[in-house]
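This report describes a structure made of protein chains. Look through the sequence and the 3D view first, then read on.

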Amino acid sequence: MNISIEQLSKSYGMQKAVDNISFSVNTGEILGFLGPNGAGKTTTMKMITQYLNPDNGDIKMDGRSVFDHEVKHRIGYLPEHNPLYEEMPVIDYLVYCANLQGVAKTDAHNQARKMVFKCGLDVEKHKRIGELSKGYRQRVGLAQAMIHDPEILILDEPTTGLDPNQIVEIRELIKQLGREKTVILSTHILPEVEATCDRILIINRGKIVADGTAENLRKQAEGSQIIRLKVEDTELDNLQNSLQNLMSVKSTSILDADTNAIEITSELDMKSNRDIFELCASKNWIITEMIPMETKLEDIFRDLTMN
Amino acid sequence: MSPTWTIARKELNSFFDSLIAYFLLFAFLGFTGFFVWLSGNGDIFFRKQADLAVFFSIANLTLFIFIPAITMRLIAEERKSGTIELLLTKAVSSRQLVLGKFLAALMMVVIALLFTIPYYITVSTLGNFDHGATLTGYFGLILMSAAYIGIGLFASSITSNQIVAFILALLIGVCFQFLFGILASTGSGLISEIFSMLSLNTHYDSISRGVIDSKDVIYFVSISLLGIFLSEYMVSKRK
């Protein structure tokens, strides 16, 4: 199911939490929602799940406005702090959620068992939720969001509190689900977005500041190419001077004098890798390392959200 | 199964999972049992009448205090723990949520009343017993409970603090239970009549005497419905 968000706004008193944002997500797409604390991620998610009413704008699912009770059946939601009924046993809780979502009575138990298996809760299924560790509680939260096999999954920071193994498992699970469902997840863990999401949306102070794949965002941010180079059979000074004379090279900086390691920044919108190779080849220097450096997502994020 | 019923069942179960239900049953049966059978002055043997009039007047007061204890957590706790967000983002409307909670509390009270059936059976064998009046009395108790549950539910819906919800429900209850009655007896003319009409005891007394008047039924049902609608409004009204 496609979601399209049109000119959505929401204020808390004088403060604008979400300021006129529009975007859309298609079936089979995993959208990563990024932003510093208080950027409006959670508020947007709460509006998509109908917990909050927007001041302005519309949210449409397959062209139908979301402010229609029927649509809720098709959304699975993991809220920010993962609220749960502490006193309920895991399996009872999942059956309860299935019932609330209108899953037929016999299916509710099957679905609950399936989710227990899928989310690795088998050992803990008869414990009360209050007795579980944070990671297991998070799994219960995910299980309840997916219990009725929704077409849309909204996950607010799904991997907080999980250990590294669990994080990998949950990411795999989300990716797998993302093939046939529409997934929106928010996080502040940047490698996570890269690992799971098809598309990234960076939001700051209620406004969208970037929208695209991780690669696209990098390209936009890059401008100049950075290459790390190690060369044998030459003096460092000689190497640096020759490089500096190349047309496409803007600046060089020495990383390690012993191994002749050097970092080369190209002129804006130019690539220097060919020139460097040809220079070394013509002088019979042996290149032992030549690495194009990618701009880190962290840098892009910081660029866009710090001002 | 409709969400209302699912919520009602879950809520009733959680009364019994926590100790609230047992505490309530114990206290309710203890109080009413003591005053009906043991207290000496005013108990059933003292009166030498085979009826449950004592029970109905004591149950009225006991429920007046205990219903706020049942209702205080119903919505306040969901707010505090954030689970209200979980419920309302599922296929559950505010009305279904509030109705489910209301039904759960009402079922809890009905269960407590069912435990007093032995009183009914015992007393009915003691002499000339008016079954009709007694059944009406039970009906009156249930109606009155529904009204107090409506009040308690509303109190619980406006705060995330259970203690505040309890005290507020009790305060509103005091108005209906005592204050309006006192104002009615001290005032005169139209004002007195209005307060007498608002006083819960005026209506409860006539039902517990065995007279079902549509006015009384409408009174209790309207308070319950008002409580439910106001709670629904409070739940659906978010920032």
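## Contacts and confidence

Two residues are in contact if their C-beta atoms, placed from the backbone, lie within 7 Å. The model described here is predicted. It scores ipTM 0.87 and pTM 0.84.

Chain A has a mean pLDDT of 86, with 98% of its residues at 70 or more. Within chain A, the element with the lowest mean pLDDT is helix α7 (residues 214-222), at 73, and the element with the highest is α2(A), at 93. Chain B averages a pLDDT of 90, and 99% of the residues score at least 70. Among the elements of chain B, helix α3 (residues 44-47) has the lowest mean pLDDT, 79, while helix α6 (residues 94-114) has the highest, 95. Where pLDDT is low, the predicted coordinates should not be read in detail.

## Helix pairs in chain B

Two packed helices are described by the angle between their axes and the distance between the axes. Helix α8 (residues 131-157) of chain B and helix α12 (residues 214-236) of chain B have axes that come within 8 Å and cross at roughly 20°. Angles under 35 degrees count as roughly parallel, so α8(B) is roughly parallel to α12(B). The crossing of α8(B) and α12(B) is left-handed. On the α8(B) side, the residues that meet α12(B) include B:L143, B:A147, B:I151 and B:F154. On the α12(B) side, the residues that meet α8(B) include B:V217, B:F220, B:I228 and B:M234. By class, this contact of α8(B) with α12(B) has 16 nonpolar, five polar and no charged residues.

At what angle do helix α9 (residues 162-186) of chain B and helix α11 (residues 200-208) of chain B pack? The angle is about 105°, and the axes of α9(B) and α11(B) are 7 Å apart. Angles of 65 to 115 degrees count as roughly perpendicular, and therefore α9(B) is roughly perpendicular to α11(B). In this contact, B:F176, B:Q177 and B:G181 of α9(B) meet B:L200, B:N201 and B:T202 of α11(B). The residues of the contact of α9(B) with α11(B) divide into two nonpolar, four polar and no charged.

## The six-stranded sheet of chain A

Six strands of chain A form an open sheet with mixed pairing, in the order β6-β7-β8-β3-β9-β10. Its edge strands are β6 (75-78) and β10 (207-212) of chain A, each of which pairs on one side only. From one strand to the next, the twist averages 15°. β6(A) pairs with strand β7 (residues 152-156) of chain A in the parallel sense, over four bridges. In β7(A), the residue opposite A:L78 is A:L155.

Helices lie across parts of this region. Helix α4 (residues 134-146) of chain A lies across β6 and β7 of chain A and runs at about 165° to β6(A). Helix α5 (residues 164-178) of chain A lies across β3 (30-34), β7 and β8 (182-187) of chain A and runs at about 150° to β8(A).

## The four-stranded sheet of chain A

Another open sheet in chain A has four strands in the order β12-β13-β11-β14, with antiparallel pairing. Here the edge strands are β12 (249-256) and β14 (286-293) of chain A, and each pairs on one side only. The twist averages 25° from one strand to the next. β12(A) and strand β13 (residues 261-266) of chain A pair in the antiparallel sense over six bridges. A:D256 has A:A261 as its bridge partner in β13(A).

Helix α8 (residues 236-244) of chain A packs on this sheet and touches β11 (226-232), β12 and β13 of chain A; the direction of α8(A) makes about 160° with that of β12(A). Helix α9 (residues 273-282) of chain A also packs on the sheet, touching β11, β13 and β14 of chain A, and its direction makes about 10° with that of β11(A).

## A hairpin in chain A

Strand β1 (residues 3-12) of chain A pairs with strand β4 (residues 56-61) of chain A in the antiparallel sense over five bridges. The bridge partner of A:S9 in β4(A) is A:N56. β4(A) also pairs with strand β5 (residues 64-65) of chain A, in the antiparallel sense and over two bridges. β4(A) and β5(A) form a hairpin with two residues between them, and A:D62 in the turn has a positive phi of about 50°.

## Where the chains meet

How many residues of chain A are in contact with chain B? There are 21, and they are in contact with 20 residues of chain B. Helix α2 (residues 90-100) of chain A gives the most to the side of chain A that touches chain B, with four residues. By class, that side of chain A has ten nonpolar, eight polar and three charged residues.

Technical notes:
Residues numbered from 1 in each chain as written. Chains lettered and ligands numbered in written order. Predicted model: local features only at pLDDT ≥ 70, side-chain atom pairs only at ≥ 80, totals over all residues. Pairing = 2+ DSSP bridges. Axes fitted to C-alpha atoms, helices over the stretch in contact; angles between N-to-C directions. Parallel < 35°, antiparallel > 145°, perpendicular 65-115°, else oblique. Nonpolar A, V, L, I, M, F, W, Y, C, P; charged D, E, K, R; others polar. pLDDT = per-residue confidence, 0-100. Left-handed = near helix turned anticlockwise from the far one by under 90°.
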